[in-house]
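Thanks for coming, everyone. I would like to walk through one structure this morning, so please have the sequence and the model open while I talk.

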Amino acid sequence: MMTMKKMSYVVLCASLVLGASSAQAQLRVEITGIGSNQIPVAVASFVNESAAPQSLSGIIKADLARSGVFKLIDADAPVSETAPVSYEQWKSRGADALAAGTVQSMADGRLDVRYKLFDTIKGAQISSMNNAAAPQFNRLLAHKIADDIYEKLTGVKGAFATRIAYVTQSGREYRLEVADADGEGIQVALRSNEPIISPSWSPDGTKVAYVSFEKKKPIVYVQNLVTRQRTIVSNEKGSNSAPSWSPDGSRLAVALSRDGHTQVYTVNADGSGLRRVSTSSGIDTEPQFSADGQSIYFTSDRSGGPQIYRMSASGGEAKRVTFGGSYNISPRISSDGKTLAYISRRDGNFQLYALDLASGQELRLSDTANDESPSFSPNGKYIMYATESGRRKSLAVVSVDGRVKQRLTTQAGNIKEPTWGPFMK
């Protein structure tokens with residue numbers, strides 16, 4: 001049955017659904033490119049999956065295909081997780097793994113979803129799950145199964161059951177929206193006739209910090225997505241911008257102009273304990289805590305043009321990190337602390353780059369010309385960012401090796417300022 005961790009995730013999602021208004025348009029996902037050394041896997045239709053509101057196997061296959069890591073093998077017919085498995089037959093069809101399952105309707109209205117994953121090469125079962133949940137959590141259960149398949153076959157935790165936040169603009173209305181990682185299940189967290197920018201997920205996935213101009217100036221808020229309670233974290237004189245969370249969720253780094261020019265500060269999550277940590281005579285902005293919380297990456301023009309620097313989270317000497325190109329902004333660090341993503345202007349184009357911090361090797365990840373706001377997936381394997389095509393802003397996702405690319409678009413207006421949520425605890 002469902003563990004306490006899984007149950008807490010479902011409760012949170014239920015609160016999100018009950019506490020927000022549905023958006024009018026879903027995101028459309030387009031996939032290009034494939035990963036190297038794809039893993040061939042067969043995902044059979046689950047027995048009796050018509051009892052669920054949507055096809056679980058269809059959602060699972062869409063997740064795996066979107067990752068670019070898997071080659072999907074046609075399973076032809078439904079397969080129960082309890083059925084005998086002919087490993088040689090599946091191997092002969094080119095499948096290294098088989099996912100099979102069953103859906104049963106329970107007396108209390110819930111769905112009992114059972115699944116097993118088989119390794120056809122080793123001729124053994126390698127994983128299983130048995131979850132029961134209300135029908136509205138059908139997609140969540142499918143994403144959790146896709147995560148399990150991804151992790152068992154790659155050794156990396158899957159991120160299909162995570163969520164994203166972003167800002168859409170339609171006419172004069174701005175909306176802070178939250179959705180599943182595949183763009184489904186959109187909920188509106190905030191509507192405003194004034195700009196909303198720089199959303200940032202808390203490490204526990206229950207809150208989002210952002211900047212709102214609703215009071216005719218930029219103010220940093222933290223909003224609880226479950227209770228919808230909002231807290232003003234920074235409303236200092238001048239500009240309050242670019243919030244990002246410490247890994248333990250106790251503090252935020254922000255960029256404030258309270259002393260005349262923009263500098264980096266830290267502040268407790270309840271708005272107390274404001275402390276300045278950068279001390280340059282230039283502009284220091286876009287702070288991001290390192291994965292271990294000991295350092296802060298930020299953008300500064302102290303060398304003449306904007307570059308990315310790193311300093312201790314308590315302040316002190318800053319060391320320059322980016323040297324390729326004369327204009328580098330918007331630092332984001334991967335969860336393992338090894339890769340820095342950022343936007344670099346070269347030949348007049350603003351494009352997404354990734355920097356291996358150990359080797360210093362750069363990799364351009366986009367072929368568009370007006371990219372902004374990168375955000376790593378919690379497993380560090382993908383980066384979501386905003387871009388522009390045909391004068392319309394949309395979201396894009398690229399694997400860190402640049403091989404797999406996705407585009408998320410909406411007909412409802414411009415979509416920008418993405419932030420990828422964490423794994424749920």
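This is a predicted model: local features need pLDDT of at least 70, side-chain atom pairs count only at pLDDT 80 or more; totals for chains, interfaces and linings use all residues.

Which order do the strands of the open sheet of four strands have? The order is β23-β24-β25-β26, and the pairing is antiparallel, where two strands pair if DSSP finds at least two bridges between them. Residues are numbered from 1 along each chain as its sequence is written, and side-chain values use heavy atoms, with hydrogens and water left out.

Back to the sheet: its edge strands, each pairing on one side only, are β23 (328-333) and β26 (362-364), and from one strand to the next the twist averages 30 degrees. Strands here are DSSP runs of E with at least two residues, helices are runs of H or I with at least four residues, and both are numbered from the N terminus. Between β23 and β24, which run antiparallel, there are four bridges, and Arg 332 stands opposite Ala 341 in β24.

Let me turn to the rings. Rings of Phe, Tyr and Trp (for Trp, its six-membered ring) pair if their centres lie within 6.5 Å, and planes under 30 degrees apart count as stacked, over 60 as edge-to-face and the rest as tilted. By this rule the count comes to seven aromatic pairs. One of them is the edge-to-face pair of Phe 70 and Tyr 150, at 5.9 Å centre to centre with 70 degrees between the planes. Phe 70 lies in strand β4 (residues 70-73) and Tyr 150 in helix α4 (residues 138-154), so this pair ties together parts that are 80 residues apart in sequence. Phe 70 and Tyr 150 are both buried, meaning under 20% relative accessible area, with exposed being over 50% and partly exposed in between, for a 1.4 Å probe and protein chains only. Ring pairs also link Phe 70, Tyr 150 and Phe 160 into a cluster.

A second pair, Tyr 342 and Tyr 353, is stacked, at 6.2 Å centre to centre and 15 degrees between the planes. Since Tyr 342 lies in strand β24 (residues 339-346) and Tyr 353 in strand β25 (residues 349-356), the pair ties together parts that are 11 residues apart in sequence. Tyr 342 is buried, with a relative accessible area of 0%, and Tyr 353 is buried, at 8%. Over the face of Tyr 353 lies Arg 346, at 4.1 Å from the ring centre; the criterion is that NZ of Lys or CZ of Arg is within 6 Å of the ring centre and within 35 degrees of the ring normal.

Finally, what about strand β20 (residues 295-300)? Six of its six residues are buried, so β20 is largely enclosed by the rest of the structure. In a regular strand the side chains alternate between the two faces of the sheet. Both faces of β20 are covered, with Ser 295, Tyr 297 and Thr 299 buried on one side and Ile 296, Phe 298 and Ser 300 buried on the other. Strand β19 (residues 284-289) runs antiparallel to β20 and is joined to it by four bridges, while β20 and strand β21 (residues 307-312) pair in the antiparallel sense over six bridges. Ile 296 stands opposite Phe 289, and its bridge partner in β21 is Met 311.

Conventions
Axes are lines fitted to C-alpha atoms, for helices over the stretch in contact, and angles run from 0 to 180 degrees between N-to-C directions.
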